[in-house]
Amino acid sequence: MKCNYQIIFLHQFWCTQEIFHLSIATPVFLGLMFLELVVGVLKTGAPGVTISDGLTSISAGMISRLPMLLVRGCELSAYMLVWERYRLLELPWDSAWTWWFCLLGVDFCYYWVHRFAHEVAFLWAAHQVHHSSEYYNLSTALRQSLTQQFASWIFYLPMALAVPPSIFAVHIQLNLLYQFWIHTELIRDLGPLEWIFNTPKHHRVHHGRNLYCIDKNYGGILIIWDRLFGTFALEADKVVYGLVYPIKTFEILSVQFHYYLYLWDKSNTYKTISDKLSAFIKGPSWSPGKPRLGDHLNNPKVTGKEVPHNPSWSPLLQVYVVLHFLLVLQTYHDLLENKMMLSQLTILGMTLYVLLTLTSLGFIMDQRPAAAALEMLRCVAMVTLQRYGAVKPLLPWLAVPTEVRRQWRRF
Ligand SMILES: [Zn+2]
Ligand SMILES: [Zn+2]
């Protein structure tokens with residue numbers, strides 16, 4: 001009985017959480033991103049975000065949530081299982097002590113999730129998505145990995161020995177939401193708060209590719225874990241953001257998966273089984289004969305004069321891409337909001353359409369030769385889906401061409 005009650009509660013929580021994300025968090029995020037853009041222009045005379053980079057980050061955020069549509073969240077499912085079968089004690093769910101303990105516990109586990117994600121190459125293959133922007137603004141916070149969620153849940157399981165799932169489910173979300181606002185260059189220093197909390201200043205260092213920034217400041221809400229475990233670094237030289245070897249693409253599938261291919265190729269260059277395995281489980285900079293985390297001194301030197309990848313492209317194409325991005329954002333919103341009423345097949349079809357659209361827009365932003373052909377294919381898919389009602393016409397005037405054709409047939 002108790003088990004059923006917990007499952008029903010978590011199921012309702014899961015739905016509430018989606019509604020929370022869609023109806024509250026999304027407008028708040030978009031509002032803050034717009035505010036950051038305006039303040040950035042007023043302060044520095046230039047926007048701290050570009051269309052191509054910003055849309056790629058938001059696209060990554062959208063994609064990272066798609067697995068939730070087809071499978072239940074890994075974290076909560078595994079957590080429930082351990083709680084039901086192996087819990088050692090049951091902390092009272094309505095106690096303030098439990099609440100604070102869980103806040104600390106989730107943040108402590110997050111520190112280790114995050115540290116392993118940087119120090120183990122196959123986990124880094126997922127997490128590098130978050131670091132792949134050469135800009136640092138609120139949209140960077142949304143640049144999340146599709147695959148990281150399939151491994152990170154393991155690190156939270158010890159909490160299931162004592163903390164009720166309902167409390168854990170709240171804190172795992174709070175921890176993630178907290179980390180949105182720290183992705184900005186506009187907040188420089190927060191005084192004494194810098195001693196305890198993870199702040200924009202500390203997290204800028206985490207996103208840097210300067211030598212002093214590598215593998216530093218893993219904290220989620222609190223920075224005390226980095227201070228305790230020797231991974232803290234204070235912001236010093238101008239931080240140059242992004243990966244040590246920038247990917248220079250806005251195509252979302254490359255952003256999400258390129259490092260898996262690189263790892264596979266890297267492992268194939270080694271002769272022994274031990275070296276092949278080490279390529280996956282040691283640090284991303286490791287090579288035979290080097291310490292576990294490799295030697296960062298071999299990284300390209302950062303001068304502070306690096307310019308982010310931002311190729312120029314036609315203003316008309318920019319308008320086209322932004323318009324179609326807004327349309328697919330609406331489709332994505334509809335998909336998440338109505339997922340309980342849609343069949344698995346419709347969900348799969350709409351998911352593939354969202355992926356196709358974001359990929360095609362990435363091809364256009366990358367100015368690839370195949371962009372026009374892929375975009376034509378996508379437009380055919382869009383019109384077909386609209387005609388059969390899977391995607392509603394988002395702007396009435398976009399339905400006009402199909403209406404015109406109907407008129408012609410009559411005559
Ligand atoms: Zn990181
Ligand atoms: Zn970050």
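Two residues are in contact if their C-beta atoms, placed from the backbone, lie within 7 Å. This is a predicted model, in which local features need pLDDT of at least 70, side-chain atom pairs count only at pLDDT 80 or more, and totals for chains, interfaces and linings use all residues. Residues are numbered from 1 along each chain as its sequence is written, while chains are lettered from A and ligands numbered from 1 in the order in which they are written.

**Exercise 1.** Describe how helix α15 and α16 cross.

*Solution.* Start with the geometry: the axes of α15 (residues 315–337) and α16 come within 10 Å and cross at roughly 160°. Axes are lines fitted to C-alpha atoms, for helices over the stretch in contact, and angles run from 0 to 180 degrees between N-to-C directions. Next, classify: α15 and α16 are therefore roughly antiparallel, the class for angles over 145 degrees. Finally, look at the contact, which includes Val328 and Tyr332 of α15 and Val354 and Leu358 of α16. By class it has 14 nonpolar, 3 polar and no charged residues; Ala, Val, Leu, Ile, Met, Phe, Trp, Tyr, Cys and Pro count as nonpolar, Asp, Glu, Lys and Arg as charged, and the others, Gly among them, as polar.

**Exercise 2.** Which residues of the largest nonpolar core touch the most other members?

*Solution.* First, the term: a nonpolar core is a set of buried Ala, Val, Leu, Ile, Met, Phe, Trp, Tyr and Cys residues joined through C-beta atoms within 7 Å. Of the 55 residues in the largest one, the answer is Phe168, Tyr332 and Val354. Helix α16 (residues 344–366) gives the most to this core, with 8 residues. Then follow Tyr332: leaving out residues up to four places away in sequence, Tyr332 touches Met62 and Val354.

**Exercise 3.** Is Leu352 buried or exposed?

*Solution.* Leu352 lies in helix α16. Leu352 is exposed because 12 other C-beta atoms lie within 10 Å.

Key: Buried ≥ 20, exposed ≤ 12 C-beta atoms within 10 Å, placed from the backbone. Helix = DSSP H or I, 4+ residues; strand = E, 2+ residues; numbered from the N terminus. Parallel < 35°, antiparallel > 145°, perpendicular 65-115°, else oblique.
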